[in-house]
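Here is a short briefing on one protein model. Look at the structure first, then work through the points below.

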Amino acid sequence: MGKWVDLNPDILSLILLRIPTHQRVSTASLVCKSPLSCVLDPFFWSDIDLLDWYRRHPYLEIKYVDSTVRKLIRRSKGTFRRLFSFRLGDAGFASLLTGTAIYHSGSGRCLQVLEIPMSEVNDKTLVKFAESLANLTVSKVSYCSKITHVGIEAFGKNCKSWTQLKRNMPPRALERLLNTSTVNELKAMAIVDIMPFVVGAIRANCKALTHLEIHGCLNVKLETELEDSCRQLFAFRRPPSFHWQG
């Protein structure tokens, strides 16, 4: 039997990359010096996936999620290209962009895939940092209740390399929300009015777009020409016909 210390570093890295992110942090570096040297390599953290960690700890407070993301960003030294995290907060989102500026000119320039379902990031934070997401190609912001058409529009204006946008929301939960007050109904009507323009801007600005899911944008009516344009995409999920009661 060979020894881990004699294993080719590139092969060892490929083996360790198959270990879930949280286990790489907590255990892989404790085995011997060879795994430790791999774990300390910034490029080892170019893909940060916290799905398995979240499944084990589904009720973690947002501050702990943000803290974990910040630590992993530091390990990557700004080289991370993908992030998958549930329940990310504004502080955690800001660390994706401000944290990388220490190591590279232009923060967030390496980030290409951002998947943050069920997160608490809001429009204000998105608008503030959207300019730093120029190389983003995939955005998945489903079930993020604090992101509205304002945040989606900020994405569309700045992410010229977009190929996929996924934005879904639970219809039943939205139905209850929209029926709670006249204020919510008026807010929903405002979103219905503006979203076609946002979708149109995304189609105009993001020439590489191939996947668009806006199934969660209820009651949005796309004009025939715009909907035909969206249907030319490789994958398109249009908004459902849904009516709330005032």
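## Briefing: charges, rings and core

The side chains of Glu213 and Arg237 form a salt bridge, 3.7 Å from N to O. This bridge links distant parts of the chain: Glu213 sits in strand β6 (residues 211-213) and Arg237 in strand β7 (residues 235-237), 24 residues apart. A salt bridge here is a side-chain nitrogen of Lys or Arg within 4 Å of a carboxyl oxygen of Asp or Glu. Helices (H or I, at least four residues) and strands (E, at least two) are DSSP runs, numbered from the N terminus.

The model is predicted: local features need pLDDT of at least 70, side-chain atom pairs count only at pLDDT 80 or more, and totals for chains, interfaces and linings use all residues. Residues are numbered from 1 along each chain as its sequence is written, and side-chain values use heavy atoms, with hydrogens and water left out.

**Overall picture**

- The protein has eleven helices and seven strands.
- Of its 246 residues, 44% are buried. Buried means under 20% relative accessible area, exposed means over 50%, and partly exposed lies in between (1.4 Å probe, protein chains only).
- The accessible surface is about 13,400 Å², and 55% of it belongs to carbon and sulfur atoms. These areas come from the Shrake-Rupley method with a 1.4 Å probe; for residues, only the protein chains shown count as cover.
- Take the contacts between residues at least 6 apart in sequence: 71% of them join residues at least 24 apart. Contact means heavy atoms within 4.5 Å.

**Salt bridges**

- Side chains of opposite charge can pair when their charged atoms come close.
- How many salt bridges does the whole structure hold? The search finds ten.
- Glu115 and Arg82 form one with their side chains, at 3.0 Å from N to O. Glu115 is in strand β3 (residues 113-115) and Arg82 in strand β2 (residues 82-84), so this pair ties together parts 33 residues apart in sequence.
- Glu115 counts as buried, at 8% relative accessibility. Arg82 is buried too, with a relative accessible area of 19%.
- A network of salt bridges links Asp47, Asp49, Arg82, Glu115 and Lys140.
- Lys157 and Glu153 also meet in a salt bridge, at 3.7 Å from N to O. Both lie in helix α8, four residues apart, which is about one turn of the helix.
- Lys157 is partly exposed at 49% relative accessibility. Glu153 is partly exposed at 28%.
- Arg237 is partly exposed as well, at 38%.

**Aromatic rings**

- There are three aromatic pairs. Rings of Phe, Tyr and Trp (its six-membered ring) pair if their centres lie within 6.5 Å; planes under 30 degrees apart are stacked, over 60 edge-to-face, and the rest tilted.
- Phe84 and Phe86 make an edge-to-face pair, 5.4 Å centre to centre with 70° between the planes. Both Phe84 and Phe86 are buried.
- The ring centres of Phe155 and Trp162 are 5.7 Å apart and their planes are at 35°, so this pair is tilted.
- Phe155 is buried at 1% relative accessibility, and Trp162 at 0%.
- Ring pairs join Tyr54, Phe84 and Phe86 into a cluster.

**Nonpolar core**

- The largest nonpolar core has 44 residues. Those with the most contacts inside this core are Phe93, Leu96, Leu114, Phe155, Trp162 and Leu212.
- Elements giving two or more residues to this core include α5 (62-76), α8 (149-158) and α10 (182-205).
- Such a core is a set of buried Ala, Val, Leu, Ile, Met, Phe, Trp, Tyr and Cys residues joined through side-chain atoms within 4.5 Å.
- Beyond its neighbours within four places in sequence, Leu114 contacts several residues, among them Phe93, Leu96, Lys140 and Phe155.
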